[in-house]
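Welcome, and thanks for taking a look at this one with me. Below are a few points to read alongside the model.

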Amino acid sequence: MENKENRDSKENRDSKVPGAETVSGPVGGGRSLTLDGETSPEAVKIRRRELGWLDLAVLTLLMFAYPIYVSTAQFLASGNSMERLEENWHFSAGDNYSLFILQSLMLLAAFLYLLWRRFDFSVWKIRYNIKALLSGGAIFVAAALIMDVYTMMRYSIGLYPSLWQALAGAHPSLWLYSLLNGFYEEIFFLGMCMALPRRHIRLAFVYSLAVRVSFHTYQGLAQALGLGILLGSFFFFLYKRSKDKNLAPFFVAHTIADVLGLGLAAYFWPSA
């Protein structure tokens, strides 16, 4: 009897080896399982809270391969001529609806991939409230001022529309597409890129800037660098410094920028 008790005590100690995780559930008739690797059927139920570089590469292809191709083709066709580049900045209502449908399909493909990879979407904090809306407006103002300074260093600020012109010309299709695009771009740059392991965040940040630049070249190389590097760095800095890591303000700021244009000086000096 004494030997049997000693054996039972040893088995109990062995079952509590550090690093082993016990999962209780209705698998195998209600038995508890120990996850000592990826062989347990219960392991597939664990959600991934981080992405890898291969995941990011696939998501980039799904979401930005076509925009990068189109932007590059338009840039090369323009010869970086400002007059020809300005033609690329104007979108009709039909263009907005078409882009909305296309972007929705690409976003759906990306989210289906994340579902297949069993990504834990709760990693992303998205909360819309008064604070988020006000913060989004403030982020837009700050980003617009940064781009104003950058623009005035290169050419006349008069290229930007006035506030009233922008509001008057804001077709419902523009609002619809801008709402989607604000989410679409920032969920990739601040959500997916920042979901890599912490040791890769700096490289992921540089990668995100390169992607931002690559699909804005249709506006000209200088403008693409401003939007990609200046705006991208500013958003990244604010997001990393934020305490709650709420993505909603960045969606709001991006949406406003898509509707009104990323600039404020022309609102007060439209003929500058």
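## Notes on salt bridges and a helix pair

1. Let's start with Arg 117: this is a predicted model, and in it Arg 117 is partly exposed, with a relative accessible area of 26%. Its salt-bridge partner is Asp 55, with 2.8 Å between the closest N and O atoms. Asp 55 sits in helix H2, while Arg 117 is in the loop between helix H4 (93-116) and helix H5 (130-152), so the pair links distant parts of the chain, 62 residues apart.

2. Asp 55 also forms a salt bridge with Arg 48, where the closest N and O atoms are 3.0 Å apart. Asp 55 is buried, at 2% relative accessibility, whereas Arg 48 is partly exposed at 28%.

3. Now look at Arg 212 and Glu 186, whose side chains meet in a salt bridge of 2.7 Å, N to O. Arg 212 belongs to helix H8 and Glu 186 to helix H7 (residues 172-192), so this bridge ties together parts 26 residues apart in sequence. Both ends are buried: Arg 212 has a relative accessible area of 2% and Glu 186 is at 0%. Elsewhere, shared partners join Arg 48, Asp 55 and Arg 117 into one network. The structure holds 4 salt bridges.

4. How do H2 and H8 cross? The axes of H2 (residues 53-78) and H8 (residues 201-214) come within 9 Å and cross at roughly 20 degrees, which makes the two helices roughly parallel. Their crossing is left-handed.

5. Residues meeting there include Trp 53, Phe 64 and Ile 68 of H2, and Leu 203, Tyr 207 and Val 211 of H8. By class, this contact has 9 nonpolar, 4 polar and no charged residues.

Conventions
Residues numbered from 1 in each chain as written. Predicted model: local features only at pLDDT ≥ 70, side-chain atom pairs only at ≥ 80, totals over all residues. Heavy atoms only, no water. Axes fitted to C-alpha atoms, helices over the stretch in contact; angles between N-to-C directions. Helix = DSSP H or I, 4+ residues; strand = E, 2+ residues; numbered from the N terminus. Parallel < 35°, antiparallel > 145°, perpendicular 65-115°, else oblique. Left-handed = near helix turned anticlockwise from the far one by under 90°. Contact = heavy atoms within 4.5 Å. Nonpolar A, V, L, I, M, F, W, Y, C, P; charged D, E, K, R; others polar. Buried < 20%, exposed > 50% of the residue type's maximum accessible area, 1.4 Å probe, protein only.
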